[in-house]
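Please read the following walk through a protein model with its sequence and structure open beside you. The text takes up one region at a time.

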Amino acid sequence: MIGQPGAGKGTQARLLSDKCNYPQISTGDLLRNIVSSDSPMAHELRETMNSGRLVDDGILASLLSERTSQADCQGGYILDGYPRNLHQAQTLEDLAASQAKSVVLISFSLDEDVLLKRITGRRTCTRCGEIYNIFSRPPAVEGYCDIDGAPLARRGDDSETVVRERLAAYRNSTAPLIAYYRDTSRLIEVDAGQPVDQVQKRIIEILGSLPGQSA
Ligand code: AMP
């Protein structure tokens with residue numbers, strides 16, 4: 001799944017993961033895990049991510065190959081936030097071929113002004129990762145997760161300045177992937193302005209209609 005920051009790919013990836021029983025692999029979460037550790041790589045990654053730029057392709061390639069070789073990925077997996085440029089798309093094609101899998105790209109897009117508002121309202125559970133929005137999907141108790149009661153937090157890269165950088169990275173590096181996948185008929189385009197359940201219904205319908213699929 002690819003999309004601008006705040007377009008809802010994380011939310012949809014979680015829903016689809018529950019429905020299909022494929023693990024959701026968020027490359028942003030994998031990187032944030034490293035950043036929160038005390039490893040030598042953490043400092044450099046933190047700087048790149050806090051500026052809104054893309055992390056080096058080689059780092060992503062090894063994270064991905066390691067994560068997708070785990071047992072829970074055998075039947076398939078949902079990538080949330082990968083690939084983000086043409087080089088990564090090629091890496092994914094090679095990896096998928098070596099795993100006898102095929103890639104379908106689900107692309108989310110939405111007007112940038114709407115996204116900015118969405119992102120500034122976004123809050124994430126510090127324990128389970130559930131995503132809320134103070135404007136459109138507030139938790140029952142302000143500041144705390146409905147599922148496990150843990151505190152909610154705002155991501156460090158969700159400030160307006162950084163979001164503008166992330167939108168530019170999407171426009172320049174990620175959006176060109178849409179044409180690449182459209183040419184091979186492996187693209188599902190989603191209007192991310194629709195309500196969450198409608199977006200999910202559409203994704204599941206289209207996935208189910210692809211040859212050899214039963215989502
Ligand atoms: P996300 O949680 O998907 O919004 O990602 C947060 C940040 O992690 C991005 O702004 C990038 O700095 C980095 N990141 C996540 N996925 C990738 C990727 N596939 N390629 C490069 N950088 C990534």
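In this predicted model, the ligand has 17 residues around it, and those that come nearest are T27, R53, G81, R84 and Q88. Helix α2 gives the most to this shell, namely four residues. Sorted by kind, the residues of the shell comprise six nonpolar, four polar and seven charged ones.

Some pairs of atoms can be picked out. The side chain of T27 has an N or O atom 2.8 Å from a nitrogen atom of the ligand. The backbone also takes part: a polar backbone atom of V55 is 3.0 Å from a ligand nitrogen atom. An oxygen atom of the ligand lies 3.2 Å from a polar side-chain atom of R166. How much of the ligand does the protein bury? Taken alone, the ligand exposes 480 Å², and 97% of that is buried by the protein.

Now turn to helix α3, which covers residues 40-51. Its buried residues are A42, L45, T48 and M49.

The face of α3 turned away from the buried side carries P40, H43 and E44, which are exposed. On the buried side, the cover includes α2 (27-36), α4 (57-68) and α7 (160-174). Just after α3 comes G52, with a positive phi of about 90°.

Next come some places where the backbone deserves a look. Y82 and P83 are joined by a cis peptide bond, with omega at about 0°. P83 sits in the loop between β3 (78-80) and α5 (86-98).

A100 is not a glycine, yet its phi is positive, at about 55°. This residue belongs to the loop between α5 and β4 (105-109). Is A100 buried or exposed? Its relative accessibility is 74%, and the cut-off for exposed is over 50%, so A100 counts as exposed.

S185 is another residue other than glycine with a positive phi, near 55°. Its place is in the loop between α8 (176-182) and β8 (187-191). S185 has a relative accessible area of 64% and is exposed.

Helix α7, already named as part of the cover over α3, holds two residues to look at here. T174 is found in α7 and is buried, with a relative accessible area of 3%. Which residues does T174 contact, leaving aside its neighbours within four places in sequence? They are I2, P83, R84 and A169. Among these contacts, P83 is the proline joined to Y82 by the cis peptide bond, and R84 is one of the residues that come nearest to the ligand.

T161 is also placed in helix α7. With a relative accessible area of 63%, T161 is exposed. Between T161 and D38 there are 123 residues along the sequence and 27 Å in space, C-alpha to C-alpha.

The loop between β7 (152-153) and α7 contains D157. The relative accessible area of D157 is 9%; the cut-off for buried is under 20%, so D157 is buried. The side chain of D157 makes a polar contact of 3.1 Å with the side chain of R155. Neighbours within four places in sequence aside, D157 is in contact with M49, V162, V163 and R166. Of these contacts, M49 is one of the buried residues of α3, and R166 has the polar side-chain atom that lies 3.2 Å from a ligand oxygen atom.

The last stop is strand β5 (residues 122-125), where R122 is found. R122 is buried, at 14% relative accessible area. Which residues does R122 touch, not counting residues up to four places away in sequence? The list is G6, I131, Y132, N133, R154, R155, D158 and R166. For one of these, D158, there is also a C-alpha distance: R122 and D158 are 36 residues apart along the chain, and their C-alpha atoms are separated by 8.0 Å.

Definitions and conventions:
Residues are numbered from 1 along each chain as its sequence is written. This is a predicted model: local features need pLDDT of at least 70, side-chain atom pairs count only at pLDDT 80 or more; totals for chains, interfaces and linings use all residues. Side-chain values use heavy atoms; hydrogens and water are left out. Buried means under 20% relative accessible area, exposed over 50%, partly exposed in between (1.4 Å probe, protein chains only). Contact means heavy atoms within 4.5 Å. A residue is near a molecule or strand if one of its heavy atoms lies within 4 Å of it. A polar contact is a pair of N or O atoms within 3.5 Å; within protein, one must be able to donate a hydrogen and the other to accept it, and residues adjacent in sequence count only if both atoms are side-chain atoms. Accessible areas come from the Shrake-Rupley method with a 1.4 Å probe; for residues, only the protein chains shown count as cover. Ala, Val, Leu, Ile, Met, Phe, Trp, Tyr, Cys and Pro count as nonpolar, Asp, Glu, Lys and Arg as charged, and the others, Gly among them, as polar.
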